[in-house]
Amino acid sequence: MESCNCIEPQWPPDDLLMKYQYISDFFIALAYFSIPLELIYFVKKSAVFPYRWVLVQFGAFIVLCGATHLINLWTFTVHSRTVASVMTTAKVLTAAVSCITALMLVHIIPDLLSVKTRELFLKNKAAELDREMGLIRTQEETGRHVRMLTHEIRSTLDRHTILKTTLVELGRTLALEECALWMPTRTGLELQLSYTLRQQNPVGYTVPIHHPVINQVFSSNRAVKISPNCPVARLRPAGKYMPGEVVAVRVPLLHLSNFHINDWPELSTKRYALMVLMLPSDSARQWHVHELELVEVVADQVAVALSHAAILEESMRARDLLMEQNVALDLARREAETAIRARNDFLAVMNHEMRTPMHAIIALSSLLQETELTPEQRLMVETILKSSNLLATLINDVLDLSRLEDGSLQLDLGTFNLYAVFREVLNLIKPIASVKKLHVSLTLAPDLPEYAIGDEKRLMQTILNIVGNAVKFSKEGSISITAFVAKLDTLRDSKAPEFLPVLSDNIFYLRVQVKDSGSGINPLDIPKLFTKFAQNQSTGTRNSGGSGLGLAICKRFVNLMEGHIWIESEGLGKGCTAILIVKLGMAERVNESKLPYMPKMPTNHGQTAFPGLKVLVMDENGVSRMVTKGLLLHLGCDVTMVGSSDECLRLVSHEHKVVFMDICVPGIDSYGITIRIHEKFTKRHERPLLVALTGNTDKVKKENCMRAGMDGLILKPVSLDKMRSVLTDLLEHRVFFEAI
Amino acid sequence: MDVVNQLQRQFIDYSASLHREGFLDDQFTQLQKRQDDNSPDFVVEVASLFFEDCEKLINNMARALEQQQGVDFKQVDASVHQLKGSSSSIGAMRVKDVCIAFRSFCEAQNREGCLRCLQQVTHEYSLLKNKLQTLFRLQQQILAAGGSIPVVE
């Protein structure tokens, strides 16, 4: 036998065991070859498979294993050495690959496992999100429903519509079987069925309000599930099957006065209505949480809408009322106007009609007085005259007062001499005062302007009235009249809160105080004094003969002059003080042509107004010197004439009371002379008064004179009367500067 | 009596005309009022003083303005001022008005103007002098006839 280099198998091939091994190996090989095929097939199919490399490795491992088993088939019979070596190669390779694969798997398997856990996690997450989505959707749904409901509710301001709409919409949204609203009755002890969804006109079911269920519902602001057997829920005839679930919620009824933003939910007066909602029977539906929330929200909205409606009703009512009142007022005003017009016409006519006979009576009685009369006749005529004068005054007063009341009286403003007014009053009152042996004194403050702008006649009337009253009501003693410019602080405390003086540059407030030591006035009566026709009977003034209008008129005049008048008295028998403050305008510097420089005071026209008054006249101009001398001689002065400043200084002595200097001549330093005279006479009472005489001047010159120390300045030409009054004023006040 | 009345009436008319024509103004009336028993010739005295003054001043001004080299306007002005004062004291209205114009020319140092004014002043002054002398003559006549000088308002 030739050596075939074959390897014999260890066991005979016909052995049964060998046969089975042969078959198993065959199948293994088959399986091992088909696994990678399957793998490849499925991997190709799937889009994602991250472990390709592993797959290749695994495939290789499997293929080689299969190859090994396949080749093993040949080793069951006698086989050549080649086969054996192939077999060996295959095995070696397989061993290598499988070891590598085993090592690889150590890394791979944990990854694969974690993929699994992640998958589980994601699935859970997805489920959770799904749940939440469901929730959000339901919430959104609820919100939409609420908005829609609110919109429906708010689209009207009519109470009934609001409620009806609420019920309808709720019923629609929640698919309710029945929805009802119970309102509290007027007494507040019962709930009355007011609105339902299905029944059109609910018959007036009432339920007492103090039911435990109702209390429970009212005490919470949430929707509460109640039993279908509760009296409020028994609206339908007893159900066929299971009645649906019922929910009740309170609807706060807001009163107008409850609108305090801070305590909106907590209301002091708790009036609630009850809203009952019933799910359809036989539906086995349950009330979901979001549905309950919806119901609560709607209940609140309804409350708001109802209160809006209530406010609107209220305001409409108020407006109607106002309109009615307007119409009534208009009518009243027109009637009043007609009445005033009628009165004015009447007064106008009566005025004329009344005055004409009055004039006749007065005129003729005074004429009668002049004729020859017996004493009794004279007495009678005097009485007639007095009475008719009184009557005339009364008529005038009444007319004035009525004109004052309408506001149709206007002041006659003009420039007048304030001092003169006071002097006139004094002169008018002096006779009466002296008869009663009353002493009257007048004090005018030095800073009181001489000229003022105002209504002279009425101011005098007012002052005269007050002074007259003072005289009238004083039996003895003295009356003092003071007048000065009121300063701001004295103005403020004039006891009249509505008197607000306003100071400005060209006005001033004149304050006049008339103090008497007469019978005084009870302080309680003082407010009545200024009311017309109210006479003070108690203080024995029966024979005063006044009409009671005087003070009323005064007050009105004073008011027109934007002032204030009041009376102070400490009591009966303690005299009283009348104080009046009026606003007057400051007079512009008056030039001579407007106001003749004639004081109203009757000056003595005697020749020797200033007997023996020693006067020095200095004037360079002979003619004017002579003229001035003539003037002064006429007035009785003892005149010394000088023609130059040196002569003047030489001759001037303390005997001279006044020195007149002509300063308009250039070349005479009048200011120098002034200064030197001042130096010569250090004592004030020794120094003569220095007056400048000048033909033309201006403010500057006047100021220079003042500054140099002159006591006066007069403009040439000087008339006799002017000189007289200048000297009077000069000697009285020791200063006189003529108005430029 | 008739004569006196006639003279008085004449006097009044003449006075009124003087006032109307602007020769005299209120100041003169005042002066006339000043005349009384204590000073019977007050007005006449004042008037004569005035005339003296006037003439002196006018001469001064004429001399000053004639200076060919450099007129001393200050002096002229001073004289005019004096004249103005005198005339206003006596009530010579027209003279005073001319003086006012004269002064402005002096200030402007206008020789021509000044000369013209001087002429005017002289003219007015002589007019016034004549008129016043006539008036005083009337007065004397009234007094001589035994009447009293009426006061003209």
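Among the contacts in chain B of this predicted model that link residues at least 6 apart in sequence, 67% join residues at least 24 apart. Chain B has 153 residues, and 48% of them count as buried.

One residue of chain B carries a note from a database record. The UniProt annotation "modified residue: Phosphohistidine", which comes from an unreviewed entry, covers His81(B). This histidine sits in helix H4 of chain B, a helix made of residues 73-90. Is His81(B) buried or exposed? Its relative accessibility is 9%, and because the cut-off for buried is under 20%, His81(B) counts as buried.

Chain A brings strands into the picture. As a reminder, the strands of a sheet pair through backbone hydrogen bonds, and the pairing can be either parallel or antiparallel. In chain A, 6 strands form an open sheet with antiparallel pairing, and their order is E5-E4-E3-E8-E7-E6. At the edges lie strand E5 (206-208) and strand E6 (224-226) of chain A, each of which pairs on one side only. Neighbouring strands of the sheet are turned against each other by 30 degrees on average, with direction ignored.

Helix H4 of chain A (residues 159-174) packs on it and touches strand E3 (178-184), strand E4 (190-196) and strand E8 (272-278) of chain A. The direction of H4(A) makes about 70 degrees with that of E4(A). Helix H6 of chain A, spanning residues 289-370, lies across E7 and E8 of chain A and runs at about 25 degrees to E7(A).

How do two helices of chain A meet? The axes of helix H3 (residues 81-154) of chain A and H4(A) come within 9 Å and cross at roughly 155 degrees. Angles over 145 degrees count as roughly antiparallel, and H3(A) and H4(A) are therefore roughly antiparallel to each other. Their crossing is right-handed. On the H3(A) side, the residues in contact are His145(A), Met148(A), Leu149(A), Glu152(A) and Ile153(A). They meet residues of H4(A) including Ile162(A), Thr165(A), Glu169(A) and Leu170(A).

How values were computed:
Residues are numbered from 1 along each chain as its sequence is written. Chains are lettered from A and ligands numbered from 1 in the order in which they are written. This is a predicted model: local features need pLDDT of at least 70, side-chain atom pairs count only at pLDDT 80 or more; totals for chains, interfaces and linings use all residues. Side-chain values use heavy atoms; hydrogens and water are left out. Two strands pair if DSSP finds at least two bridges between them. Helices (H or I, at least four residues) and strands (E, at least two) are DSSP runs, numbered from the N terminus. Axes are lines fitted to C-alpha atoms, for helices over the stretch in contact, and angles run from 0 to 180 degrees between N-to-C directions. Contact means heavy atoms within 4.5 Å. UniProt positions are given in the numbering used here, feature names are shortened, and annotations may be inferred rather than shown by experiment. Buried means under 20% relative accessible area, exposed over 50%, partly exposed in between (1.4 Å probe, protein chains only). Angles under 35 degrees count as roughly parallel, over 145 as roughly antiparallel, 65 to 115 as roughly perpendicular and the rest as oblique. A crossing is left-handed if the near helix is turned anticlockwise from the far one by less than a right angle, and right-handed if clockwise.
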